[in-house]
Amino acid sequence: MDTNGAPPGAEPGGPVDDASCRRDVPLFPLGTVLFPDGALPLRIFEARYMDMVRECMKHDREFGVCRIVHGTETGPAADHESIGCLARIVHWDMPQLGLLHIRATGTRRFTVGARRVEPNALIRADIELIDADETTAIPEVLAPCSDLLRRLVEELDHRAGPTAHAVNRPYRFDCAGWVANRLAEFLPIDPATKQTLMALEEPLGRLYLVKRILEERGIVSG
């Protein structure tokens, strides 16, 4: 019996989670938008985020990424969007003392609940997970989006070489949500529009909006 009253698998005094909620998740407000399955390379030098990374790696936890609304990535805690994406660290390197390079992968989207700012300006929040996209086939009218993404990924892989990939595997060119997310990452559109796309819960609708943007820019035909 756990004399501390913590549920099985939980650390005494640590966050208590259930299937849809997580407590005291550290947040990293950024000027960019992270999508599920997206690759996120970061250069970290602030002490609060160094500590955050150590905590996440030690306890195999994720941190949350939210787009900044007001403020900056450094200095005082920034105001951020209420919907973000969890990130799991998959690689790290410290090329010099005080500078940490990490690569993280987007996992689940979430909505931010209660938020607290620690004395070192690190934000922690209680979050509620958003259901993952259902696997949705791509209709013929949206096939040009999948074809375009396939060409982009092949070109990026060719430039990166056989051991480095600009897009996380596995590739899912037949999945509407995955194709929409990857194209939204590539598109030269403002972060607020990317945030709107990321927050959409219907993957097919997200891909239709991406196709409309591509058509407006003359990248694909209607």
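**Helix packing in a predicted model**

Biologist: How do α3 and α5 cross, left-handed or right-handed?
Modeller: The α3 and α5 crossing is left-handed. Left-handed means the near helix is turned anticlockwise from the far one by less than a right angle; clockwise would be right-handed. Helices (H or I, at least four residues) and strands (E, at least two) are DSSP runs, numbered from the N terminus.

Biologist: Which residues touch there?
Modeller: From α3, Ala176, Gly177, Val179, Ala180, Asn181 and Leu183. From α5, Pro203, Leu204, Arg206, Leu207, Val210 and Leu214. Contact means heavy atoms within 4.5 Å. Sorted by class, this contact of α3 with α5 has nine nonpolar, two polar and one charged residues. Ala, Val, Leu, Ile, Met, Phe, Trp, Tyr, Cys and Pro count as nonpolar; Asp, Glu, Lys and Arg as charged; the others, Gly among them, as polar.

Biologist: What sort of model is this?
Modeller: A predicted one: local features need pLDDT of at least 70, side-chain atom pairs count only at pLDDT 80 or more, and totals for chains, interfaces and linings use all residues. Residues are numbered from 1 along each chain as its sequence is written, and side-chain values use heavy atoms, with hydrogens and water left out.

Biologist: Back to the helices. At what angle do the axes of α3 and α5 cross?
Modeller: Roughly 40°, and the axes of α3 (residues 176-186) and α5 (residues 203-216) come within 8 Å. That makes α3 oblique to α5. Axes are lines fitted to C-alpha atoms, for helices over the stretch in contact, with angles from 0 to 180 degrees between N-to-C directions. Under 35 degrees is roughly parallel, over 145 roughly antiparallel, 65 to 115 roughly perpendicular, and the rest oblique.

Biologist: And what about α2 and α3?
Modeller: Those two pack at about 60°, with axes 10 Å apart. So α2 is oblique to α3 as well. Their crossing is left-handed.

Biologist: Which residues meet there?
Modeller: Cys145, Ser146, Leu148, Leu149, Leu152 and Leu156 of α2 meet Trp178, Val179, Arg182, Leu183 and Phe186 of α3. Nine are nonpolar, one is polar and one is charged.

Biologist: How many residues of α3 are buried?
Modeller: Nine of the eleven, so α3 is largely enclosed by the rest of the structure. Buried means under 20% relative accessible area, exposed over 50%, partly exposed in between (1.4 Å probe, protein chains only). The buried residues of α3 pack against α2 (143-160), α4 (191-199) and α5.

Biologist: Which residues have the most contacts inside the largest nonpolar core?
Modeller: Val179, Leu183, Leu207, Val210 and Leu214, in a core of 28 residues. α2, α3, α4 and α5 each supply at least two residues of this core. α3 gives the most, with six. A nonpolar core is a set of buried Ala, Val, Leu, Ile, Met, Phe, Trp, Tyr and Cys residues joined through side-chain atoms within 4.5 Å.

Biologist: What does Leu183 touch?
Modeller: Beyond its neighbours within four places in sequence, Leu183 is in contact with Cys145, Leu148, Leu149, Leu152, Val210 and Leu214.

Biologist: New topic. Where is Gly84?
Modeller: Gly84 lies in strand β5 (residues 83-96).

Biologist: Is Gly84 buried or exposed?
Modeller: Gly84 is buried, with a relative accessible area of 0%. Apart from neighbours within four places in sequence, Gly84 is in contact with Val65, Cys66, Arg108, Arg109, Phe110 and Met198.

Biologist: Last one. How many helices and strands does the chain have?
Modeller: Five helices and seven strands. Of the chain's 222 residues, 42% are buried.
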